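Please look through the sequence and the structure before turning to the numbered points.

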Amino acid sequence: MGFNEPLPVQFVRFLANTARGDFGNSFFHRAPALPLVMKRMPTTLLLTVLALGLSLAIALPVGILSAVRRNSLFDHGATFVVFLGTSMPVFWTGIMLIILFAVQLRLLPVSGWESWAALVLPTVTLATFSTPLLLRIVRSSMLEVINLDYVRTARAKGVSERIVIWHHALINAALPLVTVAGLQFGILLGGAIVTETVFAVPGLGRLIVGAIRQLDFPIVQAGVFVLALIVVLVNFAVDLLYIYLNPQIRVR
Amino acid sequence: MLTVLVRRVVRLVVVLAGVSLVTFAILHVSGDPVSLMMP
(Lines give C-alpha, C1' and ligand atoms only; values in the text may rest on other atoms or scores of the structure.)
Protein backbone atom coordinates (compact mmCIF):
# COMPACT_ATOMS: atom_id res chain seq x y z
CA MET A 1 0.00 0.00 0.00
CA GLY A 2 3.06 2.22 -0.04
CA PHE A 3 2.95 3.27 3.64
CA ASN A 4 6.78 2.98 3.78
CA GLU A 5 7.17 5.86 1.31
CA PRO A 6 7.42 9.58 2.32
CA LEU A 7 4.10 11.36 2.94
CA PRO A 8 4.40 13.75 -0.05
CA VAL A 9 4.92 10.77 -2.39
CA GLN A 10 1.90 9.02 -0.86
CA PHE A 11 -0.16 12.20 -1.24
CA VAL A 12 0.74 12.61 -4.94
CA ARG A 13 -0.16 8.97 -5.54
CA PHE A 14 -3.42 9.49 -3.62
CA LEU A 15 -4.24 12.54 -5.81
CA ALA A 16 -3.55 10.57 -8.98
CA ASN A 17 -5.72 7.66 -7.78
CA THR A 18 -8.49 10.08 -6.67
CA ALA A 19 -8.51 11.70 -10.12
CA ARG A 20 -9.16 8.20 -11.54
CA GLY A 21 -11.83 7.52 -8.89
CA ASP A 22 -9.68 4.83 -7.27
CA PHE A 23 -9.86 4.92 -3.44
CA GLY A 24 -8.70 1.33 -3.05
CA ASN A 25 -10.65 -1.72 -1.94
CA SER A 26 -12.87 -1.82 1.12
CA PHE A 27 -11.29 -4.01 3.83
CA PHE A 28 -14.73 -5.20 4.99
CA HIS A 29 -16.67 -5.57 1.71
CA ARG A 30 -13.63 -6.79 -0.30
CA ALA A 31 -14.70 -4.57 -3.22
CA PRO A 32 -13.67 -1.17 -4.68
CA ALA A 33 -14.74 1.63 -2.30
CA LEU A 34 -16.07 4.19 -4.78
CA PRO A 35 -18.76 1.97 -6.42
CA LEU A 36 -19.99 1.03 -2.92
CA VAL A 37 -20.26 4.73 -2.02
CA MET A 38 -21.90 5.68 -5.33
CA LYS A 39 -24.47 2.89 -4.88
CA ARG A 40 -25.62 4.50 -1.60
CA MET A 41 -25.28 8.12 -2.78
CA PRO A 42 -28.66 8.51 -4.58
CA THR A 43 -30.57 7.63 -1.38
CA THR A 44 -28.79 10.30 0.68
CA LEU A 45 -29.03 12.82 -2.15
CA LEU A 46 -32.77 12.17 -2.59
CA LEU A 47 -33.35 12.55 1.16
CA THR A 48 -31.39 15.83 1.22
CA VAL A 49 -33.07 17.27 -1.89
CA LEU A 50 -36.54 16.34 -0.59
CA ALA A 51 -35.80 17.89 2.81
CA LEU A 52 -34.46 21.11 1.28
CA GLY A 53 -37.41 21.25 -1.13
CA LEU A 54 -39.87 20.81 1.73
CA SER A 55 -38.03 23.47 3.76
CA LEU A 56 -38.22 25.97 0.89
CA ALA A 57 -41.87 25.08 0.20
CA ILE A 58 -42.68 25.99 3.82
CA ALA A 59 -40.20 28.82 4.36
CA LEU A 60 -41.07 30.86 1.26
CA PRO A 61 -44.83 31.39 1.73
CA VAL A 62 -44.68 31.52 5.54
CA GLY A 63 -41.66 33.88 5.54
CA ILE A 64 -43.25 36.21 2.98
CA LEU A 65 -46.56 36.25 4.85
CA SER A 66 -44.73 36.92 8.14
CA ALA A 67 -42.94 39.89 6.56
CA VAL A 68 -46.06 41.29 4.90
CA ARG A 69 -48.13 40.89 8.09
CA ARG A 70 -45.36 41.99 10.45
CA ASN A 71 -46.17 41.78 14.20
CA SER A 72 -49.48 40.03 13.48
CA LEU A 73 -50.66 36.88 15.25
CA PHE A 74 -49.46 34.86 12.22
CA ASP A 75 -45.98 36.44 12.45
CA HIS A 76 -45.71 35.71 16.19
CA GLY A 77 -46.95 32.13 15.60
CA ALA A 78 -44.32 31.62 12.86
CA THR A 79 -41.60 33.01 15.15
CA PHE A 80 -42.70 30.59 17.90
CA VAL A 81 -42.53 27.64 15.48
CA VAL A 82 -39.06 28.81 14.35
CA PHE A 83 -37.74 28.77 17.91
CA LEU A 84 -39.40 25.39 18.51
CA GLY A 85 -37.79 23.98 15.35
CA THR A 86 -34.30 25.27 16.10
CA SER A 87 -34.36 24.04 19.69
CA MET A 88 -35.23 20.42 18.84
CA PRO A 89 -32.30 18.12 17.90
CA VAL A 90 -32.86 16.09 14.71
CA PHE A 91 -32.50 12.67 16.36
CA TRP A 92 -35.08 13.58 19.05
CA THR A 93 -37.55 14.94 16.47
CA GLY A 94 -37.13 11.74 14.47
CA ILE A 95 -37.82 9.49 17.45
CA MET A 96 -40.87 11.58 18.48
CA LEU A 97 -42.28 11.42 14.93
CA ILE A 98 -41.75 7.63 14.89
CA ILE A 99 -43.61 7.27 18.21
CA LEU A 100 -46.52 9.44 17.04
CA PHE A 101 -47.02 8.54 13.36
CA ALA A 102 -45.62 5.01 13.18
CA VAL A 103 -46.22 3.46 16.60
CA GLN A 104 -49.37 5.18 17.89
CA LEU A 105 -51.27 6.28 14.75
CA ARG A 106 -49.79 3.52 12.52
CA LEU A 107 -49.94 5.83 9.49
CA LEU A 108 -46.34 5.54 8.30
CA PRO A 109 -43.59 2.89 8.42
CA VAL A 110 -41.13 3.03 11.32
CA SER A 111 -38.05 2.66 9.12
CA GLY A 112 -36.75 1.58 5.72
CA TRP A 113 -36.71 3.08 2.25
CA GLU A 114 -38.90 0.72 0.21
CA SER A 115 -42.00 2.86 -0.40
CA TRP A 116 -42.85 6.55 -0.80
CA ALA A 117 -44.56 6.42 2.61
CA ALA A 118 -41.18 5.53 4.13
CA LEU A 119 -39.67 8.75 2.78
CA VAL A 120 -42.11 10.98 4.67
CA LEU A 121 -40.79 10.78 8.24
CA PRO A 122 -37.04 11.08 7.42
CA THR A 123 -37.77 14.00 5.07
CA VAL A 124 -39.93 15.84 7.61
CA THR A 125 -37.35 15.19 10.37
CA LEU A 126 -34.52 16.60 8.30
CA ALA A 127 -36.65 19.52 7.11
CA THR A 128 -37.44 20.60 10.68
CA PHE A 129 -33.72 21.31 11.01
CA SER A 130 -33.40 23.65 8.02
CA THR A 131 -36.86 25.24 7.74
CA PRO A 132 -36.54 27.65 10.70
CA LEU A 133 -33.33 29.26 9.42
CA LEU A 134 -34.63 29.60 5.85
CA LEU A 135 -37.90 31.06 7.18
CA ARG A 136 -36.01 33.69 9.18
CA ILE A 137 -33.88 34.56 6.13
CA VAL A 138 -36.97 34.95 3.90
CA ARG A 139 -38.73 37.08 6.51
CA SER A 140 -35.80 39.42 7.20
CA SER A 141 -34.86 39.78 3.49
CA MET A 142 -38.45 40.54 2.57
CA LEU A 143 -38.74 43.09 5.41
CA GLU A 144 -35.67 44.89 4.03
CA VAL A 145 -37.00 44.91 0.48
CA ILE A 146 -40.73 45.65 0.81
CA ASN A 147 -40.10 49.13 2.21
CA LEU A 148 -37.69 50.20 -0.55
CA ASP A 149 -38.58 52.94 -3.03
CA TYR A 150 -38.89 50.71 -6.12
CA VAL A 151 -41.50 48.54 -4.37
CA ARG A 152 -43.42 51.66 -3.35
CA THR A 153 -43.19 52.88 -6.97
CA ALA A 154 -44.56 49.56 -8.25
CA ARG A 155 -47.49 49.89 -5.83
CA ALA A 156 -48.02 53.53 -6.88
CA LYS A 157 -48.19 52.42 -10.53
CA GLY A 158 -51.13 50.22 -9.60
CA VAL A 159 -49.39 46.84 -9.85
CA SER A 160 -51.30 44.18 -7.91
CA GLU A 161 -49.94 43.31 -4.47
CA ARG A 162 -49.36 39.67 -5.52
CA ILE A 163 -47.06 40.73 -8.40
CA VAL A 164 -45.31 43.35 -6.24
CA ILE A 165 -44.45 40.73 -3.62
CA TRP A 166 -43.74 37.64 -5.76
CA HIS A 167 -42.16 39.33 -8.79
CA HIS A 168 -40.58 42.62 -7.71
CA ALA A 169 -39.70 42.09 -4.06
CA LEU A 170 -38.94 38.36 -3.92
CA ILE A 171 -36.26 38.38 -6.67
CA ASN A 172 -34.11 40.81 -4.67
CA ALA A 173 -34.96 39.14 -1.38
CA ALA A 174 -33.94 35.77 -2.89
CA LEU A 175 -30.20 36.62 -3.01
CA PRO A 176 -29.41 35.86 0.65
CA LEU A 177 -31.88 32.95 0.56
CA VAL A 178 -30.03 31.31 -2.34
CA THR A 179 -26.71 31.67 -0.50
CA VAL A 180 -28.04 30.21 2.75
CA ALA A 181 -29.94 27.42 0.91
CA GLY A 182 -26.66 26.38 -0.77
CA LEU A 183 -24.86 26.28 2.57
CA GLN A 184 -27.81 24.46 4.15
CA PHE A 185 -27.51 21.75 1.48
CA GLY A 186 -24.11 20.80 2.87
CA ILE A 187 -25.33 20.91 6.45
CA LEU A 188 -28.35 18.77 5.50
CA LEU A 189 -26.06 16.18 3.89
CA GLY A 190 -24.29 15.93 7.25
CA GLY A 191 -27.65 15.89 9.08
CA ALA A 192 -28.83 13.10 6.78
CA ILE A 193 -26.25 10.81 8.44
CA VAL A 194 -28.07 11.13 11.79
CA THR A 195 -31.51 10.84 10.18
CA GLU A 196 -30.43 7.74 8.21
CA THR A 197 -29.25 6.13 11.44
CA VAL A 198 -32.54 6.90 13.27
CA PHE A 199 -34.76 5.65 10.40
CA ALA A 200 -32.47 2.82 9.21
CA VAL A 201 -32.27 4.37 5.75
CA PRO A 202 -29.70 2.52 3.59
CA GLY A 203 -27.83 5.69 2.58
CA LEU A 204 -24.25 6.90 2.49
CA GLY A 205 -24.36 8.14 6.09
CA ARG A 206 -24.99 4.68 7.48
CA LEU A 207 -22.28 3.24 5.23
CA ILE A 208 -19.74 5.80 6.53
CA VAL A 209 -20.74 5.27 10.18
CA GLY A 210 -20.39 1.50 9.70
CA ALA A 211 -17.02 1.97 7.95
CA ILE A 212 -15.72 4.13 10.84
CA ARG A 213 -16.71 1.39 13.30
CA GLN A 214 -14.94 -1.26 11.16
CA LEU A 215 -11.85 0.98 10.52
CA ASP A 216 -12.62 0.64 6.80
CA PHE A 217 -10.63 3.70 5.69
CA PRO A 218 -11.08 3.43 1.89
CA ILE A 219 -14.88 3.70 2.36
CA VAL A 220 -14.50 6.66 4.78
CA GLN A 221 -12.13 8.44 2.39
CA ALA A 222 -14.34 7.82 -0.66
CA GLY A 223 -17.50 8.80 1.25
CA VAL A 224 -16.05 12.01 2.68
CA PHE A 225 -14.56 12.96 -0.69
CA VAL A 226 -17.84 12.38 -2.57
CA LEU A 227 -19.85 14.33 0.04
CA ALA A 228 -17.36 17.21 -0.07
CA LEU A 229 -17.38 17.16 -3.87
CA ILE A 230 -21.19 17.42 -3.92
CA VAL A 231 -21.14 20.33 -1.44
CA VAL A 232 -18.50 22.16 -3.51
CA LEU A 233 -20.44 21.59 -6.76
CA VAL A 234 -23.72 22.74 -5.19
CA ASN A 235 -22.05 25.92 -3.95
CA PHE A 236 -20.60 26.45 -7.43
CA ALA A 237 -24.14 26.12 -8.84
CA VAL A 238 -25.30 28.63 -6.21
CA ASP A 239 -22.58 31.05 -7.38
CA LEU A 240 -23.85 30.69 -10.97
CA LEU A 241 -27.44 31.27 -9.82
CA TYR A 242 -26.23 34.32 -7.93
CA ILE A 243 -24.75 35.72 -11.14
CA TYR A 244 -28.11 35.15 -12.85
CA LEU A 245 -30.10 36.76 -10.02
CA ASN A 246 -27.79 39.72 -9.39
CA PRO A 247 -27.39 41.95 -12.47
CA GLN A 248 -24.55 43.89 -10.74
CA ILE A 249 -22.27 40.84 -10.99
CA ARG A 250 -23.21 40.27 -14.67
CA VAL A 251 -22.25 43.85 -15.54
CA ARG A 252 -18.95 43.79 -13.59
CA MET B 1 -19.12 38.05 -16.01
CA LEU B 2 -16.51 35.76 -17.58
CA THR B 3 -13.94 36.98 -15.03
CA VAL B 4 -16.28 36.09 -12.18
CA LEU B 5 -16.91 32.64 -13.69
CA VAL B 6 -13.18 31.94 -14.17
CA ARG B 7 -12.49 33.11 -10.61
CA ARG B 8 -15.19 30.75 -9.30
CA VAL B 9 -13.78 27.80 -11.28
CA VAL B 10 -10.25 28.48 -9.97
CA ARG B 11 -11.66 28.61 -6.44
CA LEU B 12 -13.46 25.30 -7.10
CA VAL B 13 -10.17 23.63 -8.07
CA VAL B 14 -8.38 25.03 -4.98
CA VAL B 15 -11.19 23.81 -2.71
CA LEU B 16 -11.09 20.34 -4.31
CA ALA B 17 -7.31 20.20 -3.71
CA GLY B 18 -7.97 21.15 -0.06
CA VAL B 19 -10.65 18.47 0.22
CA SER B 20 -8.21 15.89 -1.18
CA LEU B 21 -5.60 16.91 1.41
CA VAL B 22 -8.12 16.63 4.27
CA THR B 23 -9.36 13.26 3.00
CA PHE B 24 -5.75 12.02 2.77
CA ALA B 25 -5.04 13.35 6.26
CA ILE B 26 -7.97 11.32 7.69
CA LEU B 27 -5.85 8.20 7.33
CA HIS B 28 -2.55 9.65 8.53
CA VAL B 29 -3.43 12.11 11.31
CA SER B 30 -5.35 9.42 13.19
CA GLY B 31 -2.08 7.55 13.86
CA ASP B 32 -0.09 4.80 12.22
CA PRO B 33 -2.41 3.47 9.46
CA VAL B 34 -0.98 -0.05 9.61
CA SER B 35 -1.55 -0.44 13.36
CA LEU B 36 -5.08 0.97 12.97
CA MET B 37 -5.88 -1.59 10.29
CA MET B 38 -4.62 -4.52 12.31
CA PRO B 39 -7.33 -6.36 14.31
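The points below move from the whole model to single residues.

1. Basis of the note. This is a predicted model, in which local features need pLDDT of at least 70 and side-chain atom pairs count only at pLDDT 80 or more, while totals for chains, interfaces and linings use all residues. Residues are numbered from 1 along each chain as its sequence is written, and chains are lettered from A and ligands numbered from 1 in the order in which they are written.

2. Confidence. The term pLDDT is the predictor's confidence in each residue, from 0 to 100. Chain A has a mean pLDDT of 88, with 98% of its residues at 70 or more. Within chain A the lowest confidence belongs to H10(A), with a mean of 71, and the highest to helix H2 (residues 33-68), with 92.

3. Secondary structure. Helices (H or I, at least four residues) and strands (E, at least two) are DSSP runs, numbered from the N terminus. Chain A contains ten helices and zero strands, and chain B contains two helices and zero strands. The C-alpha trace of chain A spans about 75 × 55 × 30 Å along its principal axes.

4. Burial and contacts. A residue is buried if 20 or more other C-beta atoms lie within 10 Å of its own, exposed if 12 or fewer, and partly exposed in between, with C-beta atoms placed from the backbone. Of the 252 residues in chain A, 34% are buried; of the 39 residues in chain B, 3% are buried. Two residues are in contact if their C-beta atoms, placed from the backbone, lie within 7 Å. When contacts in chain A between residues at least 6 apart in sequence are considered, 72% join residues at least 24 apart.

5. H1(A) against H1(B). The axes of H1(A) and helix H1 (residues 2-29) of chain B come within 10 Å and cross at roughly 125 degrees. H1(A) is therefore oblique to H1(B). Angles under 35 degrees count as roughly parallel, over 145 as roughly antiparallel, 65 to 115 as roughly perpendicular and the rest as oblique. Axes are lines fitted to C-alpha atoms, for helices over the stretch in contact, and angles run from 0 to 180 degrees between N-to-C directions. From H1(A), Leu7(A), Phe11(A), Phe14(A), Leu15(A) and Thr18(A) meet Ser20(B), Phe24(B) and His28(B) of H1(B). This contact holds five nonpolar, three polar and no charged residues. Phe11(A) counts as partly exposed because it has 15 C-beta neighbours inside 10 Å.

6. H8(A) against H9(A). Helix H8 (residues 204-213) of chain A packs against H9(A) at an angle of about 145 degrees, with their axes 8 Å apart. Leu204(A), Leu207(A), Ile208(A), Ala211(A) and Ile212(A) of H8(A) meet Ile219(A), Val220(A) and Gly223(A) of H9(A). By class, this contact has seven nonpolar, one polar and no charged residues.

7. Two arginines in loops. Arg30(A) is placed in the loop between H1 and H2 of chain A and has a positive phi of about 55 degrees although it is not a glycine. Arg30(A) is exposed, because 7 other C-beta atoms lie within 10 Å. Arg106(A) is placed in the loop between helix H4 (90-104) and helix H5 (116-146) of chain A, and its phi is a positive value near 55 degrees. With 9 C-beta neighbours inside 10 Å, Arg106(A) counts as exposed.

8. Glu196(A). Leaving aside residues up to four places away in sequence, Glu196(A) touches Thr44(A), Val201(A), Gly203(A), Gly205(A) and Arg206(A). The C-alpha atoms of Glu196(A) and Ser111(A) are separated by 9.2 Å, and the two residues are 85 residues apart along the chain.

Technical notes. Nonpolar A, V, L, I, M, F, W, Y, C, P; charged D, E, K, R; others polar.
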